[in-house]
Amino acid sequence: MSSYSPSETAERSGFSIDTLRYYEKIGLLAGIARNASGRRVFSDDDLAWLGLLRCLRETGMPIAEMLRYSELARSRGDTVQERLELLQAHDRRVEEQIATLREQQKHIKWKIGLYRDTVCDAASA
């Protein structure tokens, strides 16, 4: 398994080093290994986890829900149902956001059409 320095991890994950520190501090990143000099060393599994966190964050999941999901994923009990429900609720919110964006995009496209017509009318005059 590969290991990565914080700067390599930041580059590969797209998170800043400060965000990686913050995520570790609040518990979104747990069990990060340390080398002999005490510096954090990230694994492929850590990068995969960061990929999921990026997905959740970029789709608008609040940090509190990300923390809850993280706690559930690390727990030893059977939490699959609760994780499923949490992700399904988030997915519904994402679907609603997409629908809202599509409606807003229609308005933008309508306005673009008006401007194109204005530009075309001015060019032909």
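In the predicted model, helix 1 (residues 6–13) has Pro6, Thr9, Ala10 and Ser13 as its buried residues, where buried means under 20% relative accessible area and exposed over 50%, with partly exposed in between (1.4 Å probe, protein chains only). These four sit on the same side of helix 1 because they span an arc of only 100 degrees around the axis, the arc being that of the directions from the helix axis to the C-beta atoms. An α-helix has 3.6 residues a turn, so residues three or four places apart point the same way. Glu11 and Arg12, on the other side of helix 1, are exposed. Helices (H or I, at least four residues) and strands (E, at least two) are DSSP runs, numbered from the N terminus. Numbering starts from 1 along each chain as its sequence is written, and side-chain values use heavy atoms, with hydrogens and water left out. As this is a predicted model, local features need pLDDT of at least 70 and side-chain atom pairs count only at pLDDT 80 or more, while totals for chains, interfaces and linings use all residues.

What does the buried side of helix 1 pack against? Its buried residues meet strand 1 (3–4), helix 2 (17–26), strand 3 (40–43) and helix 3, contact meaning heavy atoms within 4.5 Å. Just after helix 1 comes Gly14, with a positive phi of about 85 degrees.

Of its 18 residues, Leu20, Tyr23, Leu29, Leu50, Leu53 and Met66 touch the most other members. Helix 2, helix 3 and helix 4 each put in at least two residues, and the largest share, four residues, comes from helix 3. Leaving aside neighbours within four places in sequence, Leu20 has contacts that include Pro6, Thr9, Ala10 and Ser13, along with Leu29 and Leu50.

Helix 3 (residues 44–58) also packs on helix 4 (residues 63–74), at an angle of about 145 degrees and with the axes 10 Å apart. Axes here are lines fitted to C-alpha atoms, for helices over the stretch in contact, and angles run from 0 to 180 degrees between N-to-C directions. On the helix 3 side, Trp49, Leu52, Leu53, Leu56 and Arg57 meet Ile63, Met66, Tyr69, Ser70 and Ala73 of helix 4.

Asp46 is found in helix 3 too, and is buried, at 13% relative accessible area. Beyond its neighbours within four places in sequence, Asp46 is in contact with Ile32 and Val41.

Conventions. Core = buried A, V, L, I, M, F, W, Y, C linked by side-chain atoms within 4.5 Å.
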